[in-house]
Amino acid sequence: MIQLFHVYKTYGRDVEALVDINLHIQKGEFVFIAGPSGAGKTTLLRLIFRDELPTSGQILVNGRNVVKLPGRAIPHLRRSIGVIFQDFKLLRDRSIFDNLALVYRVLGIPAAVGKRKVANLLKLVGLSHKVQMTPYRLSGGEQQRVAIARALMNDPVLLLADEPTGDLDAELAVDVMRLLGDIHAKGTTVVVATHDMDMVRDLGRRAIILKGGRLVEEHL
Amino acid sequence: MERLQYILQDALVNIRRSGWGGLASIGTIAFSFVIVGIFLIITGNLGALVSEWKEQFQVTVFLEDGITAEQLTLLKKRIQSERAVKAVTYTSKEEALQSFKRELKGKESLLEGLGENPIPASLQLRIYDAYQTPEALRQFTASLGRLEGVEDVLYGQEWVDRLTAAVRMLRLLGLSVGLALGMASLLIVSNTIRLAVYARAEEIEIMLLVGATKLHIRAPFLLEGMIQGGLGAALALLLLFGAYRATLWQLQLTPGQIFGMGVGSFLDPQWVGAMLVAGAGVGAFGSLISVGRFLRA
């Protein structure tokens with residue numbers, strides 16, 4: 001599903017965000033990208049959905065070389081990927097429904113089908129009763145779940161989650177990880193970036209450890 | 001199909017949200033187009049007037065009193081062979097006097113002191129449009145003046161020339177003013193759209209991240225600009241038409257009556273269409289500038 005070959009990412013002249021990263025994530029895997037803040041986890045995710053280009057190296061995602069992807073093909077790549085952003089990227093002045101509807105509108109899905117999809121996903125994340133609320137009135141955990149629901153709107157083959165348990169207390173974090181586990185169980189490849197090494201150890205999944213932009217360890 | 005519907009909805013939401021900025025856009029475009037429209041109406045009518053006059057334009061060749069019938073026939077043939085001449089009509093001394101008397105209406109007594117008929121016979125020449133330029137006429141009339149039996153050549157061309165020049169100047173002025181105002185409209189529209197784009201910056205970012213094409217991002221703003229521009233132009237046309245009817249009413253005239261010719265008309269349908277298209281075009285262009293700049297940033 002994802003292959004990186006000698007990927008470097010340098011910001012400015014000498015800020016090395018990623019150094020010689022090689023990795024291979026199979027279709028249907030559940031993988032942690034773990035490491036302290038500033039290790040390059042977010043950068044790595046952004047390279048995968050082509051929000052950034054590597055300074056050098058090649059990246060294959062779902063059979064496409066994203067480094068050589070022409071600009072007009074980027075939307076196509078992104079439609080096959082679901083991304084849960086660290087800051088959620090929810091529109092605060094719109095209802096939960098409108099936030100999710102944005103995706104089906106972009107995809108050009110008929111409204112009737114899209115609305116059903118929104119309802120199903122909100123049921124999955126347990127927020128059916130808050131569909132008309134704005135993110136302002138939701139707790140951090142609830143916002144996180146809206147962000148997850150939105151990332152699933154396009155039935156992605158690959159789900160990227162950036163610190164999905166970041167600000168949550170332990171109990172809510174377990175809930176979110178269980179949800180991601182369920183999504184993985186249905187066949188979606190899931191990549192989770194986190195700084196929470198305890199959680200990574202507890203869950204016993206494959207983990208790729210980054211430190212200072214370098215891949216330092218891999219646990220299987 | 002769905003996508004088209006979503007784009008249209010987004011455009012309408014944008015317009016609703018644009019508030020005073022949107023109204024300012026529409027107002028500026030309307031103002032510019034009113035000014036341009038006034039020039040178009042004035043120059044259009046003056047142009048029609050000029051061509052009407054050109055149609056009726058005649059060169060009058062006054063003949064020497066002693067001209068013989070033979071000389072006259074020769075002269076007519078000679079003049080008819082000129083390429084500039086459409087038609088030749090002969091007016092005898094007697095006919096000229098009668099028509100002069102008709103024009104004096106009731107003051108014929110003024111002529112009583114005259115023993116002999118003082119009015120010369122003449123030929124009236126209708127001239128093809130192509131030869132109604134000042135230079136061609138000067139040459140042509142000069143050559144006529146040298147012909148045998150010709151006393152004098154008269155043509156009231158100078159003021160027609162002046163009017164033609166004035167219309168040309170007005171058109172040029174209208175074009176420059178229109179261009180300047182068009183640029184101003186473009187700036188205002190692009191500024192309004194820029195505000196709309198920035199108001200939706202977050203949404204656009206998310207849309208791009210979930211796989212929206214740039215066309216999909218652009219389209220609602222493009223539509224918004226076109227609608228604003230089109231509405232501005234339509235408003236201008238309404239105002240112009242209202243002002244036009246009010247003017248006619250003030251002058252107690254029906255359109256056809258002014259100068260007794262086909263003058264005093266409103267803009268031609270094709271100009272109305274062109275103004276609407278131009279309005280939408282200005283809006284679209286202004287929008288493309290703003291969104292393009294945003295997407296590149």
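Which pattern does chain B follow when read along the sequence? Chain B follows α-β-α-β-α-β-α-β-α-α-α-α. This is a predicted model, in which local features need pLDDT of at least 70, side-chain atom pairs count only at pLDDT 80 or more, and totals for chains, interfaces and linings use all residues. Residues are numbered from 1 along each chain as its sequence is written, chains are lettered from A and ligands numbered from 1 in the order in which they are written, and side-chain values use heavy atoms, with hydrogens and water left out.

**Figure 1. Chain A, overall form.** Chain A has seven helices and 10 strands (DSSP runs numbered from the N terminus: helices are H or I of at least four residues, strands E of at least two). Its radius of gyration is 17 Å, close to the 17 Å that the globule rule gives for 220 residues, so chain A is as compact as a globular protein of that length (taken over C-alpha atoms; the rule is 2.2 Å times the number of residues to the power 0.38). Along the principal axes, the C-alpha atoms of chain A fill a box of roughly 45 × 40 × 30 Å. Of the 220 residues, 53% are buried (under 20% relative accessible area, with a 1.4 Å probe and protein chains only).

**Figure 2. Chain B, overall form.** Eight helices and four strands make up the secondary structure of chain B. The radius of gyration of chain B is 31 Å, whereas a compact globule of 297 residues would have one near 19 Å. The box filled by the C-alpha atoms of chain B, taken along the principal axes, is roughly 100 × 40 × 30 Å. Buried residues account for 40% of the 297 in chain B. Among contacts (heavy atoms within 4.5 Å) in chain B between residues at least 6 apart in sequence, 84% join residues at least 24 apart.

**Figure 3. Strand S3 of chain B and its partners.** Strand S3(B) covers residues 122-127, and five of its six residues are buried. Strand S1(B), residues 58-63, runs antiparallel to S3(B) and is joined to it by five bridges (strands pair if DSSP finds at least two bridges between them). In this pairing Phe62(B) stands opposite Ser122(B). Strand S2(B), residues 85-91, also pairs with S3(B) in the antiparallel sense, over six bridges. Here Ala87(B) is opposite Arg126(B) of S3(B). In a regular strand the side chains alternate between the two faces of the sheet.

Definitions and conventions: Buried means under 20% relative accessible area, exposed over 50%, partly exposed in between (1.4 Å probe, protein chains only).
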